[in-house]
Amino acid sequence: MCGIVGYLGPKPALPVVVEGLKRLEYRGYDSAGVAVVRDGRLGVHKSAGRIHVLEQSLDLNAEEGHLAIAHTRWATHGAPNDVNAHPHIDASGRIALVHNGIIENYQALRKYLTQQGITLVSETDTECLVQMIGLRYRGDIEQAVREVLLDIDGTYGIAVICKDEPDVLVAARKGSPLIVGVGKDEFILASDASAILAHTSHVIYLSDGEIVRITPQGVRTTTLNALPVTKELEEIEWTLEQIELGGHEHYMAKEIFEQPEALRNCMRGRVDGKHGTVHLGGLAEHWRELTRARRIVLTGCGTAWHAALVGEYLFEELARVPTETEYASEFRYRNPIIEDGTVVVAISQSGETLDTYAALREAKQRGALSLGVVNVVGSTIARETDAGVYLHVGPEIGVASTKAFSGQVTVMAMIAAALGRRKHMSQPSMELFLSALSEVPDKMQRILEQADLCREVAQRFHERDNWLYLGRGYNYPVALEGALKLKEISYIHAEGLPAAEVKHGPLALIEEGMPVVFIAPNGFQYDKIVSNIMEVKSRGGHVIAVATEGNREIARLAEQVIYVPDIIDPLQPLLTVVPLQLIAFHAAVLRGCNVDKPRNLAKSVTVE
Ligand code: F6R
């Protein structure tokens, strides 16, 4: 979604912020713009479309200013055109502002501004903000921003500059992330660490309700009510190398193929196979509450919700705690019941998904212990939860989530096992489980070696408009995830279902040659899924099976089989999901789709 970059320092600011915008491209956007202060003038350039279109209208070397802000916009209020693109400027032409989030009382503000004789030129909610700041400006941009924000309802991450104050960059946040990179005599502000990494790994994470004033002398943080806040300088753990393509053509392929290593990192120092124990530092102070938990609610959106569904099975089987999975967007609005002993776990790669964050807040307000299973260190959800476990799978840049899914499942497997062991699980059972978990990365690697087979499946069916994905038990969420991967990047319609449900309606969809993917590894529901395969096959469906190595029977039933190594049922999703990611990836490439930036989608969904 929208991205913000700002710069104040000795370098020419424009190339720095444009480069920063490119690092944020993966998040999805439909227009871009920059504003730079130079020689007492404010230069603003914006355009609909990609950053390279904006770049063509800029002379990066000519604009020598040392203070600039930049933005990529993912349209919400108003079409993605040049006028609605950010930065927006106030009526006096002095102040420029970029904004992520949504101003909820913008209609009232528009009315007020019109009464004050201000003509609003765009359809955006954002323009109201800068016009209000312009009205309040009396020579101190920070003060004007502060006064206006006290009247704002909604969410924002903003960066503001004023041509009369060429050494001041002001930013503020409420519900939309902002990070200040602190380099040697220079400051890079961004909504995402990837725009900062090329300059420094030392950062200050802003919290909700804080305003930051950045000048050559340093960074000063205060609350909206002007109370000083002491901030820690923190270290970003990701490297520049990790956010680059590393020889791959697509981030999605890179991220699928790095899953074995990502899971090793996720388990490193946590799974102790020798002693059969799990160490999760983030939960160290909460095991007592967790072992007493009467109910666990897992919440997230999209792929994270699918991972949560796997988690539900894991927590119930390993820890024997009643567990439910809730769409964050539904949970937050439906007056959820949070009783004593309820633990709510927010699952999120980005840690910034608005619905998940709001669900978490709702749960906290009602007294639940809140935990986070998050990838991005320092993200909003990670900071707001009582405790949590990071994925440590490295940055995920491709819009379609892949390694984050396997990281989320792995983390929940570790938590569920650790909790189970504290409750009823015997030490030998724990050791068996952890030894199976430790084998996952190598087994995944073997599946990745069959990428060509997945490509063949995609080759044969990428022109079909409808696919079905069916699975049972632990592989039912995998069916949902396989279908989501296919539809989001290849634009093929696909549905995922529990395999037994197909005869309650969807069987009517089956026609000659329709691709139906069965996730059918060996396990306690294998015989049942074979019956489901027969039902589909006898109606003309083309069966593609993901099955366990050595299963010869399935080769007689299915037209195509992709084999995965044998593993205990609870860990099957970590293996069975991989061929589905590869099939979706190849189908999208064959259809000429933009794999890493699928149409209409954004990496981190920070609006409702
Ligand atoms: C699908 C996908 C989305 C995200 C969802 C939640 O491939 O990426 O469905 O999983 O938007 O995002 P996070 O995990 O960042 O909260």
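Mentor: Let's start with a term: two strands pair if DSSP finds at least two bridges between them. Keep in mind, too, that this is a predicted model.

Trainee: Okay, which residue in β11 is the bridge partner of I179?

Mentor: Strands of a sheet pair through backbone hydrogen bonds, either parallel or antiparallel. Here, I179 has Y205 of β11 as its bridge partner. Strand β9 (residues 179–182) and strand β11 (residues 202–205) are joined by 3 bridges, and the two run antiparallel.

Trainee: How many strands form the open sheet, and in which order?

Mentor: There are 8 strands, and you can read across them as β3-β2-β4-β1-β10-β9-β11-β14, with antiparallel pairing. At the edges sit β3 (41–48) and β14 (234–235), each pairing on one side only.

Trainee: Now for charges. How many salt bridges does the structure hold?

Mentor: Side chains of opposite charge can pair when their charged atoms come close. In this model the count is 28 salt bridges. One of them is between the side chains of E210 and K231, at 2.7 Å from N to O. E210 belongs to strand β12 (residues 210–215) and K231 to the loop between β13 (218–223) and β14, so the pair ties together parts that are 21 residues apart in sequence.

Trainee: What domains does the domain assignment give?

Mentor: It gives domain 1 (3–236), domain 2 (245–438) and domain 3 (450–596). Let's look at the last two: the C-alpha centres of domain 2 and domain 3 are 25 Å apart, and 30 residues of domain 2 are in contact with 25 residues of domain 3.

Trainee: What is the area buried between domain 2 and domain 3?

Mentor: The size of an interface is often given as the accessible area lost when the parts come together. Between domain 2 and domain 3 that comes to about 2,400 Å², with carbon and sulfur atoms giving 74%. On the domain 2 side, M252, H306 and Y313 lose the most area to domain 3, together 23% of what that side buries.

Trainee: How many salt bridges and polar contacts are there between domain 2 and domain 3?

Mentor: The salt bridge count is 0, while 10 residue pairs are in polar contact across the interface.

Trainee: Which helix gives the most to the side of domain 2 that touches domain 3?

Mentor: That's α9, with 9 residues. Several helices each supply at least two residues to that side, including α9 (302–319), α13 (403–423) and α14 (427–448). By type, the residues on this side of domain 2 divide into 19 nonpolar, 10 polar and 1 charged.

Definitions and conventions. Residues numbered from 1 in each chain as written. Predicted model: local features only at pLDDT ≥ 70, side-chain atom pairs only at ≥ 80, totals over all residues. Heavy atoms only, no water. Domains from an automatic or database assignment. Contact = heavy atoms within 4.5 Å. Buried area = accessible area lost by both parts, 1.4 Å probe. Salt bridge = Lys/Arg side-chain N within 4 Å of Asp/Glu carboxyl O. Polar contact = N/O pair within 3.5 Å; in protein donor to acceptor, adjacent residues only side chain to side chain. Helix = DSSP H or I, 4+ residues; strand = E, 2+ residues; numbered from the N terminus. Nonpolar A, V, L, I, M, F, W, Y, C, P; charged D, E, K, R; others polar.
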